[in-house]
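Q: I have a chain open and want to go through a few parts of it. Can you take some quick questions?

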Amino acid sequence: MQGSTQGPAPRVTEHGGGVWALRVPIPDNPLGHTLVHVLDTDRGPVLVDTGWDDPDSWTELTAGLDALGLSVRDVHGVVITHHHPDHHGLSGRVREESGAWIAMHAADTAVVRRTREAEPGTWLDYLARKLAAVGAPEDHLAPLRAARAPGRTRTLPGLRAALPDREIVPGELLDLAGRRLRAIWTPGHTPGHVCLHLEEEHPARRPGHGRLFSGDHLLPGITPHIGLYEDPDDATETDPLGDYLDSLERIGRLGVAEVLPAHQHSFTDAAGRVRELLDHHEERLTGLLGLLATPLTPWQLAVRMEWNRPWDQIPYGSRNIAVSEAEAHVRRLVKLGRAEAVPGTEPVAYVAV
Ligand SMILES: [Zn+2]
Ligand SMILES: [Zn+2]
């Protein structure tokens with residue numbers, strides 16, 4: 001939108017009405033950058049998300065604030081859409097420099113706390129157990145077991161993520177001087193993802209109800225990853241895809257004038273984009289039902305699903321993400337009564353009913 005086809009994108013985009021977007025790069029990632037939004041309040045600037053914890057990202061974040069005549073020391077608060085490292089990574093550093101508070105939904109704060117407190121290796125054991133249960137072959141599990149060997153545990157992003165100081169309560173206005181920003185709980189991409197509805201007239205008087213900081217929930221050209229919520233201590237049968245589809249409908253009904261997502265670019269037809277995503281998932285579920293005419297484990301299903309490249313070219317880590325997405329779709333089909341587990345299978349296979 002903002003000149004994305006002509007020349008390099010600007011470091012700062014002014015959206016009017018005391019809102020700016022800063023492009024904060026994500027190292028080695030095809031998404032390219034996080035859009036960190038700056039919201040002017042009567043007590044100083046508030047950030048919506050902060051960006052990946054990397055020296056270059058930090059430099060860009062502070063340079064973007066400089067370009068607005070601000071310093072990172074002025075930041076009054078940080079509102080986080082969800083715990084992923086491209087959104088929450090730099091929050092701790094911003095708080096150190098400015099004394100700002102950090103706000104997050106309780107369900108994502110729980111993920112941050114759990115990740116920080118996990119014993120080294122707990123996560124790898126959990127992943128290996130989970131992948132074995134969905135039918136991953138031995139050659140896929142071997143590297144996880146090797147990584148578990150003493151002294152080999154890699155540092156993963158998020159292990160030292162900042163614990164928030166404030167809770168974002170769904171449906172409530174955030175405590176921001178001179179602004180009306182309401183939290184809308186949109187679980188699916190993560191259990192505690194929130195969108196933030198700026199309930200103020202659009203600065204260019206576009207028709208509709210205010211603007212929406214949509215995080216990763218609603219993006220103009222990407223379908224966000226929906227996998228199972230990962231929690232080694234909790235065996236609750238969640239339905240993230242069902243949560244996501246419900247959250248999409250809730251956002252579609254807001255009738256916002258403009259969406260300010262955390263990646264790509266701003267856009268106006270929120271309801272149209274919601275419909276596209278609902279249709280996309282409906283088609284995908286129908287396609288999976290066809291595959292499940294014969295019983296398949298989630299791993300076998302993932303291998304047969306359509307991805308952006310052939311399965312044998314999908315890198316190791318992305319296969320884990322793909323299988324988690326296959327599981328989330330199976331979970332939804334089971335909840336809808338359109339598929340069921342085949343009794344006595346180990347690893348468990350599912351079949352259309
Ligand atoms: Zn995310
Ligand atoms: Zn993201």
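What follows is a short chat about this predicted model.

Q: Start with helix α1. How far apart are its end C-alpha atoms, and why does that agree with its 13 residues?
A: The ends of α1, residues 55-67, are 18 Å apart. At 1.5 Å a residue the helix should span 18 Å, so the two agree.

Q: Which residues of α1 are buried?
A: S57, W58, E60, L61, T62, G64 and L65 are buried.

Q: And what covers them?
A: The cover includes the strands β1 (12-14), β2 (19-25) and β3 (33-41), along with helix α3 (91-98).

Q: What is the phi of G69, which follows α1?
A: The phi of G69 is positive, near 75 degrees.

Q: Switching topic: α8 and α10. How do their axes cross?
A: The axes of α8 (residues 270-291) and α10 (residues 316-335) come within 10 Å and cross at roughly 85 degrees. Angles of 65 to 115 degrees count as roughly perpendicular, and α8 and α10 are therefore roughly perpendicular to each other.

Q: Which residues make that contact?
A: From α8, R284, L285, L288 and L289; from α10, H329, R332 and L333. By class, the contact has four nonpolar, one polar and two charged residues.

Q: What about domains, where are they?
A: The domain assignment gives domain 1 as 12-112 + 161-276 and domain 2 as 288-352. Their centres, taken over C-alpha atoms, are 31 Å apart.

Q: How many residues does each put into the contact?
A: Domain 1 gives eight and domain 2 gives nine. On the domain 1 side, four are nonpolar, three polar and one charged.

Note on methods: Residues are numbered from 1 along each chain as its sequence is written. Chains are lettered from A and ligands numbered from 1 in the order in which they are written. This is a predicted model: local features need pLDDT of at least 70, side-chain atom pairs count only at pLDDT 80 or more; totals for chains, interfaces and linings use all residues. Helices (H or I, at least four residues) and strands (E, at least two) are DSSP runs, numbered from the N terminus. The expected span of a helix is 1.5 Å times one less than its number of residues. A residue is buried if 20 or more other C-beta atoms lie within 10 Å of its own, exposed if 12 or fewer, and partly exposed in between; C-beta atoms are placed from the backbone. Two residues are in contact if their C-beta atoms, placed from the backbone, lie within 7 Å. Axes are lines fitted to C-alpha atoms, for helices over the stretch in contact, and angles run from 0 to 180 degrees between N-to-C directions. Angles under 35 degrees count as roughly parallel, over 145 as roughly antiparallel, 65 to 115 as roughly perpendicular and the rest as oblique. Ala, Val, Leu, Ile, Met, Phe, Trp, Tyr, Cys and Pro count as nonpolar, Asp, Glu, Lys and Arg as charged, and the others, Gly among them, as polar. Domain bounds come from an automatic or database domain assignment.
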